[in-house]
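Student: I have a model to go through. Can we take it step by step?

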Amino acid sequence: MVAIEPSPLKAGIYDRIGGWLVLPAIGTYLSPLYKAYSAYDVLRYYSDGLPLNSKLFLVGFGLACIGLAFAWVYACVLLSRLDTLFPNVYVGLLVVEIVIAVSSALLVTQYFGAKLEQDDIKETMRPIVMAVVWIPYMLVSKRVKATFYGIPIAAPLPPERLQGVSAERDVQRKAADLTMVQRFGMVLYWTGLLLAGLLVIGGLIAIANSRNGSEVVGYFCFAGAFVSWLIGRAIRYVLVGT
């Protein structure tokens, strides 16, 4: 596990987690345990006497929590290495958490006709609040750039310090210093990802109301979500090169 201390290196480069970055770091290390418990908390209600739809929902949600637990373990590994992939993986996992939380709440209310309790509402809002706070921080924070990409906060690296920086770290720093066109490409990519998430939620709502014959609309929404993600990914590859 990477050291969590507020002490910076010289020239504004950090090799430890500090500042406000400590909070999402702690959340990352705790998330695998939290998701594993969520999977247990859902799957313990599984029973052979339940209707088929309820069984599918419980198993599907439980497997989603298990998948997220493993994904957060991967994020922990990236964080421990101060890998440049961590900020993007962290943002992506928060988006996935929102999609799963909102879609499960919609299925419970729209398809099963149940009412959300106060604890259920809190669980649905939790990833949304986290995304609102930490996604912008991961994308624009100078601390994040200085910790994961090697971009100095205050001053460029002096020659003697530059000699001690590995070639891989230097390449990562240059890759993170995006041009205006590349930043625009990233904006388009995240827009496509957001649109894909909204289409997935819309598709789940349509399928949940399939008794009204709207399941076809749901399948079109899923197809549109895939196309939206694919276009955004292609734009990112062309403009950003990643």
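Tutor: Start with a definition: buried means under 20% relative accessible area, exposed over 50%, and partly exposed in between (1.4 Å probe, protein chains only). The model is predicted, so local features need pLDDT of at least 70, side-chain atom pairs count only at pLDDT 80 or more, and totals for chains, interfaces and linings use all residues. Residues are numbered from 1 along each chain as its sequence is written, and side-chain values use heavy atoms, with hydrogens and water left out.

Student: Is Arg 126 buried, partly exposed or exposed?

Tutor: Arg 126 has 26% relative accessibility. That value lies between the 20% and 50% limits. So Arg 126 is partly exposed.

Student: Which residues are linked with Arg 126 in a network of salt bridges?

Tutor: A salt bridge puts a side-chain nitrogen of Lys or Arg within 4 Å of a carboxyl oxygen of Asp or Glu. Arg 126 and Glu 97 meet at 3.5 Å, N to O. Glu 97 also bridges to Lys 35, with the closest N and O atoms 3.0 Å apart. The network partners of Arg 126 are Lys 35 and Glu 97.

Student: How many residues apart in sequence are Glu 97 and Lys 35?

Tutor: Both residues are buried. Glu 97 lies in helix 3 (residues 86–111) and Lys 35 in helix 1, so their bridge ties together parts separated in sequence by 62 residues. Helices here are DSSP runs (H or I, at least four residues), numbered from the N terminus.

Student: What is the relative accessible area of Arg 44?

Tutor: Arg 44 pairs with Asp 41 in a salt bridge of 2.8 Å, N to O. Asp 41 is partly exposed at 26%. Arg 44 is also partly exposed, and its relative accessible area is 45%.

Key: Helices (H or I, at least four residues) and strands (E, at least two) are DSSP runs, numbered from the N terminus.
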